[in-house]
Amino acid sequence: MSSSQKTVKLVSFALFILAMLYYVVGGIAFAGAGSLDDTARSVAFALTMVLFFEGLIYIVFAVLGIRGANSPRKIGPFRVLCVFAIALDAINIVSSVMSDPSALLQPASLLVYASLVLSLVGFGASRCS
């Protein structure tokens with residue numbers, strides 16, 4: 001196994017851990033939603049569903065990366081998801097800066113930064129596979 005394949009596999013395992021963090025944050029939002037008023041509760045439930053969906057996407061992302069690391073001929077779908085993740089994370093960061101620059105310092109932004117870094121590293125390593 002080449003060093004780029006090992007890097008893709010490590011990135012994939014990190015993406016799986018990131019997916020679990022999305023589920024933890026979504027679970028915390030879901031648990032705290034019961035004590036809110038109706039409007040805030042519906043927003044919290046919508047946020048929870050988005051976080052759970054993102055976690056599912058990252059699990060698929062991780063599985064495709066592991067599959068591509070094991071067989072370099074199957075790295076294509078992982079590379080495509082890397083490009084989409086980089087674009088979406090960049091859009092997320094730019095829109096946060098435009099709406100509220102202090103939002104970039106919030107702890108929830110760490111998930112976006114982690115996703116961007118992992119996607120960049122994964123894309124770079126997958127090019128060498």
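1. Length of helix 4. Helix 4 has 19 residues and, at 1.5 Å a residue, should span 27 Å. Its end C-alpha atoms lie 27 Å apart, which agrees. The expected span is 1.5 Å times one less than the number of residues. Helices here are DSSP runs (H or I, at least four residues), numbered from the N terminus.

2. Basis. This is a predicted model: local features need pLDDT of at least 70, side-chain atom pairs count only at pLDDT 80 or more, and totals for chains, interfaces and linings use all residues. Residues are numbered from 1 along each chain as its sequence is written, and side-chain values use heavy atoms, with hydrogens and water left out.

3. Packing on helix 1. Helix 1 (residues 3-32) meets helix 4 (residues 109-127) at about 160 degrees. Their axes, lines fitted to C-alpha atoms over the stretch in contact, are 9 Å apart. The angle runs from 0 to 180 degrees between N-to-C directions. The two helices are therefore roughly antiparallel (over 145 degrees).

4. Who touches whom. Contact means heavy atoms within 4.5 Å. Helix 1 contributes residues including Val 11, Leu 15, Leu 18 and Tyr 22. Those from helix 4 include Leu 111, Leu 118, Val 121 and Gly 122.

5. Burial on helix 4. Buried means under 20% relative accessible area, with a 1.4 Å probe and protein chains only. Among the buried residues of helix 4 are Leu 111, Val 112, Leu 116, Leu 118 and Ala 125. Their cover includes helix 1, helix 2 (38-70) and helix 3 (76-99).

6. Whole chain. The chain has 4 helices and 0 strands. Of its 129 residues, 33% count as buried.

Note on methods: Parallel < 35°, antiparallel > 145°, perpendicular 65-115°, else oblique. Buried < 20%, exposed > 50% of the residue type's maximum accessible area, 1.4 Å probe, protein only.
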